[in-house]
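Please look through the sequence and the model before reading the notes.

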Amino acid sequence: MLTVSFLLSSLMALTLGAAAQPRGYKVSTSCPCGWTEYQDRCYIFVPELMTWSEAQRNCQSMRANLVSVRSFEEYTVIQKLTAFTGYRNTWIGGSDAQQEGYWFWIDGSPFTYTNWCPQQPDQPGLQKCIQMNYGDHKCWDDTKCDTMYPSICAKRILG
């Protein structure tokens with residue numbers, strides 16, 4: 001009974017959240033079932049806890065990558081995918097594992113938009129991957145890539 005109640009609550013939250021989505025967001029006819037469309041991409045929240053590299057490999061199995069974030073508006077849409085979890089810390093596709101302090105998106109998108117929390121990124125050399133929804137401001141934090149978090153995958157709409 002608790003599971004049914006949780007599912008109904010989650011569906012209601014998603015339905016109510018959809019009404020408040022930024023312009024450009026829509027229920028998709030171009031994306032696979034269960035994915036959310038915004039502008040030129042499809043997004044899916046993956047609730048299973050994985051390391052950053054496991055999450056990226058999982059996204060690749062769906063012909064996607066861990067999500068890159070290109071604007072505040074897009075970040076808002078992506079965050080709403082985590083609303084039913086209480087905005088839990090979640091992997092996105094940023095890393096500086098190749099060169100310390102040089103952050104890049106795993107899908108090759110330009111790293112032009114950021115939403116770092118105050119005093120982040122920190123601990124150079126130890127924390128190489130980006131989690132979103134960190135702290136009270138629900139911003140970005142660099143953390144160890146072997147931490148287990150859910151993730152968000154994205155792929156381009158083929159048209």
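The notes below describe the overall fold, the nonpolar cores, the surroundings of one glutamine, and some backbone features.

The structure is a predicted model. Its protein chain contains 3 helices and 9 strands, and 42% of its 159 residues count as buried.

**Overall fold**
- Read from the N terminus, the elements follow the order α-β-β-β-α-β-α-β-β-β-β-β.
- Of the contacts between residues at least 6 apart in sequence, 66% link residues that are at least 24 apart.
- The chain exposes about 8900 Å², and carbon and sulfur atoms account for 56% of that area.

**Nonpolar cores**
- The largest nonpolar core comprises 18 residues, and Val 69, Ile 92 and Trp 140 have the most contacts inside it.
- At least two residues of this core come from each of strand S3 (41-50), helix H3, strand S7 (129-134) and strand S9 (149-156).
- Helix H3 provides the largest share of this core, with 3 residues.
- Val 69 is in contact with Glu 74, Tyr 75, Ile 78, Ile 92, Trp 105, Tyr 113 and Trp 140, when neighbours within four places in sequence are left aside.
- A second, separate core has 15 residues, among them Cys 31, Cys 42, Ala 55 and Leu 66.

- Gln 79 belongs to helix H3, which spans residues 72-80.
- Gln 79 has a relative accessible area of 15% and is therefore classed as buried, the cut-off being under 20%.
- Not counting residues up to four places away in sequence, Gln 79 touches Tyr 87, Met 132, Asn 133 and Lys 138.
- A polar atom of the Gln 79 side chain lies 3.2 Å from the backbone oxygen of Lys 138.

**Backbone features**
- Asn 133, one of the residues that Gln 79 touches, is located in strand S7.
- The phi angle of Asn 133 is near 65°, a positive value in a residue other than glycine.
- Asn 133 is buried, with a relative accessible area of 0%.
- Lys 138 also has a positive phi, of about 55°, although it is not a glycine.
- Lys 138 sits in the loop between S7 and strand S8 (139-143), and Lys 138 is partly exposed, with a relative accessible area of 27%.
- The peptide bond from Gln 120 to Pro 121 is cis, with omega near -5°.
- Pro 121 is found in the loop between strand S6 (104-105) and S7.

Definitions and conventions. Residues are numbered from 1 along each chain as its sequence is written. This is a predicted model: local features need pLDDT of at least 70, side-chain atom pairs count only at pLDDT 80 or more; totals for chains, interfaces and linings use all residues. Side-chain values use heavy atoms; hydrogens and water are left out. Helices (H or I, at least four residues) and strands (E, at least two) are DSSP runs, numbered from the N terminus. Buried means under 20% relative accessible area, exposed over 50%, partly exposed in between (1.4 Å probe, protein chains only). A polar contact is a pair of N or O atoms within 3.5 Å; within protein, one must be able to donate a hydrogen and the other to accept it, and residues adjacent in sequence count only if both atoms are side-chain atoms. Contact means heavy atoms within 4.5 Å. A nonpolar core is a set of buried Ala, Val, Leu, Ile, Met, Phe, Trp, Tyr and Cys residues joined through side-chain atoms within 4.5 Å. Accessible areas come from the Shrake-Rupley method with a 1.4 Å probe; for residues, only the protein chains shown count as cover.
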